[in-house]
Amino acid sequence: MEPIVVDVIGGGLAGCEAAWQLARRGVRVRLFEMRPGVPTPAHTTANLAELVCSNSLGSKLPDRATGLLLAELKRLGSLLAASAEKTSVPAGGALAVDRDAFSAEVTRAIAAEPLIEVVRCEVREIPANRPAVIAAGPLASDALAAALQAFTGEENLAFFDAIAPIVQLDSVDMNIAYRASRRDRGEREDGDYINCPLNKEQYFAFVEALAKAETFPLHGFERDDKRFFEGCLAVEVLAKRDPLALRFGPMRGVGLDDPKTGRWPFAAVQLRQDNLADTLYNLVGFQTNLKWPEQERIFRTIPGLENAAFVRFGQMHRNTFVKAPAVLDATLECRKAPGLFLAGQIAGIEGYLGSVGTGLLAGMNAARAVQGLPSQTLPRETMLGALCHYLANAAPAEFQPMKANFGILPPLEKPPKSKRDRYQAYATRALAALDEWQHG
Ligand SMILES: Cc1cc2nc3c(=O)[nH]c(=O)nc-3n(C[C@H](O)[C@H](O)[C@H](O)COP(=O)(O)OP(=O)(O)OC[C@H]3O[C@@H](n4cnc5c(N)ncnc54)[C@H](O)[C@@H]3O)c2cc1C
C-alpha cells in the first residue's frame, strides 16, 4: 500500500512547523509554497518561513506571555523556536533574529528532511485528500482565500496591518541618539536599543506632522477604522486619535536615561537591531501607511535620524483569517471536515510564535489522524492550549485574531497580588501542566 502523504499548504511559519512535526512522526509531507512563482505583497524572498515585518518574536522572559509560549514550544520540540535561538541577535529581553539567517536555517532544515517534499506552486483549492493542513497565512492567495470562504460558508474578514521602516545604522547620528535598554535587560553592556530622544516641542511638532501627512489611498473596507488590528495600529492613526497616544505607546521615554541629560526624554523613538551583521535597525512600533516620500521627510525630523538612509519603508498589508469559533475545534481541526486542519494567522492567530505554535499542534494532530488516533488538545493552562481554546470558543460575531497573553489563561486559584508574581505563577502552572500532559 502506498504510504499516506499529508499536504501542507503554505511554507511560512505555521506550515514549516506543521510539516516538521509530521515528518518527526514518520509521516511523508508535501509542503506547498507558491513563492517565488506567485509573490505576496509582503514577502521579498523565496525562502521558507520568511519574517515579513519585525525581526522580534517577542519576549523570551519566562514570566511574559510570548516568553511562556516560547518555553512551551521548546519543550514540544519546535523546529522554528530552535532556529530562532540559533540565529538570534541582541535585543534585551526579546528574542529577535537575523531574519535572513532565520529563514535560511528553516529552509535548510526542511530541505534536508527526507520525508518532506517542497512543491513550489500555488494551491487554488481546498485539498481533497485528508489529513491536510492549510497554513497559507494572512496573505493567502486570492484563489485559495475564495475557496476557503466558499468552503467554510462564513465570510472571511480582512483588515490591514502595517510594516515598520528599517534604517542603516551608519546613517544614524550617534551624537544625538544613544544606546539604552529599559529596565537594564539588555545583552549589550551599552544597551540593545538605540534611542532617539525628543523634547516636548519636538514631540508635538512630530505628532502634528504625522497627523497631517499624506497616506496611501485606502479602498473599501480598508477605510473602515474598526478593521485595523488594535495591536498593530499605524503611527499616523495613533497620532490622529490622540496627540499623547504615541508618548504612552511606542514612543515612551520611560526608563531610557539620556547620558547627556541624565534624565528620561519626553519621548523617544527606539531602533532595534534587525540583522546579525548589526548594520540595519528597525523603528520599533512604527508601522505606517504614509507615502514613502512623506516617511522620509517626517521620520528625518526625528533627532538622530536627520540623515537616515531607509532600506525599507513602512507599508500596509492585507490580513485574511477565518472566523475561528464558527469553523475550528481547539484541536485546530475543521468541525465540518475531519482531517482538515488550519494553522497560523489564517486560523485566527496573531503573531509569529502563535503561528508557529498552531502549526505545531496542527502537524501533531494531522500525524495522529494518519495513525488513526483522535486529535488532541493541549491543557488550557498552557499558553498554546489557551490560544487554541480561544479560537474554538470566542464569540464568533466579534472575533478578532488573538495573540499570546495572560488574559486568556484560566484564572489562578490564589492569584498573587503583584503582577510579576502572578505572571510567574501562570508560567509555573502552565509548564507543570505541559509536563504532566507530555510525560504524566
Ligand atoms: C506584512 C505583515 C507584517 C506582520 N508583522 C508581524 C510582526 O511584526 N510580528 C508578528 O508577530 N506578526 C506579524 N505579522 C502577523 C503574522 O505573525 C505573520 O504574518 C506570520 O508570518 C504568520 O505566519 P503564517 O505561517 O500564518 O503565514 P506566513 O508566514 O505568511 O506563511 C504563509 C505562506 O503561505 C504561502 N501561500 C499563500 N497562499 C498560498 C497558496 N495558495 N499556495 C501555496 N502557498 C501559499 C505564502 O507565500 C507564505 O509563504 C505580520 C503579518 C503581515 C502580513
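Trainee: Which element gives the largest share of the lining of the second largest pocket?
Mentor: That is α4, which contributes 3 residues to the lining of the second largest pocket; keep in mind while we talk that this is a predicted model.

Trainee: Which elements give two or more residues to that lining?
Mentor: The elements that do so are α4, covering residues 99-111, and β14, covering residues 310-312.

Trainee: How many residues line the second largest pocket, and which lie nearest its centre?
Mentor: The lining is made up of 20 residues, and those that lie nearest the centre of the pocket are Thr44, Glu50, Arg99, Ile166 and Arg312. Sorted by class, the lining holds 8 nonpolar, 6 polar and 6 charged residues, and the volume of the second largest pocket comes to about 290 Å³.

Trainee: Changing topic to the ligand, which residues come nearest to it?
Mentor: There are 34 residues around the ligand, and of these Glu33, Val123, His317, Gln345 and Tyr352 come nearest.

Trainee: What does the side chain of Glu33 do with an oxygen atom of the ligand?
Mentor: An N or O atom in the side chain of Glu33 lies 2.6 Å from an oxygen atom of the ligand.

Trainee: Now the backbone itself: which residues does a cis peptide bond join at Pro36?
Mentor: The cis peptide bond there joins Arg35 and Pro36, with an omega of about 0°, and Pro36 sits in the loop that runs between β2 (28-32) and β3 (56-59). A cis peptide bond also joins Arg130 and Pro131, again with omega at about 0°, and Pro131 belongs to the loop between β6 (116-119) and β7 (132-134).

Trainee: What is the phi of Ala49, and is that residue buried or exposed?
Mentor: Ala49 has a positive phi of about 50° although it is not a glycine, and it counts as buried because its relative accessibility is 0%.

Trainee: Which residues of helix α3 are buried?
Mentor: In α3, which spans residues 79-86, the buried residues are Leu79, Leu80, Ala81, Ser83 and Ala84.

Trainee: What caps the N-terminal end of α3?
Mentor: Ser78 does, with a side-chain oxygen that lies 3.2 Å from the backbone nitrogen of Leu80.

Trainee: Back to β3 for a moment, why does Ser56 count as buried?
Mentor: Ser56, whose place is in strand β3, counts as buried because its relative accessibility is 12%, and the cut-off for buried is under 20%. A polar atom of the Ser56 side chain also lies 3.1 Å from the backbone nitrogen of Gly58.

Trainee: Where is Gln270, and how far apart are Gln270 and Gly253?
Mentor: Gln270 is in strand β12, residues 267-273, and it counts as buried because its relative accessibility is 6%. From C-alpha to C-alpha, Gln270 and Gly253 are 9.1 Å apart in space, while in sequence they are 17 residues apart.

Trainee: Last one: where does Pro416 lie, and how far apart in space are Pro416 and Arg124?
Mentor: Pro416 lies in the loop between α11 (383-393) and α12 (419-439), and it counts as partly exposed because its relative accessibility is 25%. Pro416 and Arg124 are 51 Å apart in space, C-alpha to C-alpha, with 292 residues as their separation in sequence.

Notes:
Residues are numbered from 1 along each chain as its sequence is written. This is a predicted model: local features need pLDDT of at least 70, side-chain atom pairs count only at pLDDT 80 or more; totals for chains, interfaces and linings use all residues. Side-chain values use heavy atoms; hydrogens and water are left out. On a 1 Å grid over the protein atoms alone, a cavity is a set of points where a 1.4 Å probe fits but cannot get out, and a pocket is an open set with protein on both sides within 12 Å along at least five of seven lines; lining residues have an atom within 4 Å of a point. Grid points are joined across faces, edges and corners, and a volume is the space filled by probe spheres set on the points. Helices (H or I, at least four residues) and strands (E, at least two) are DSSP runs, numbered from the N terminus. Ala, Val, Leu, Ile, Met, Phe, Trp, Tyr, Cys and Pro count as nonpolar, Asp, Glu, Lys and Arg as charged, and the others, Gly among them, as polar. Buried means under 20% relative accessible area, exposed over 50%, partly exposed in between (1.4 Å probe, protein chains only). A polar contact is a pair of N or O atoms within 3.5 Å; within protein, one must be able to donate a hydrogen and the other to accept it, and residues adjacent in sequence count only if both atoms are side-chain atoms. A residue is near a molecule or strand if one of its heavy atoms lies within 4 Å of it.
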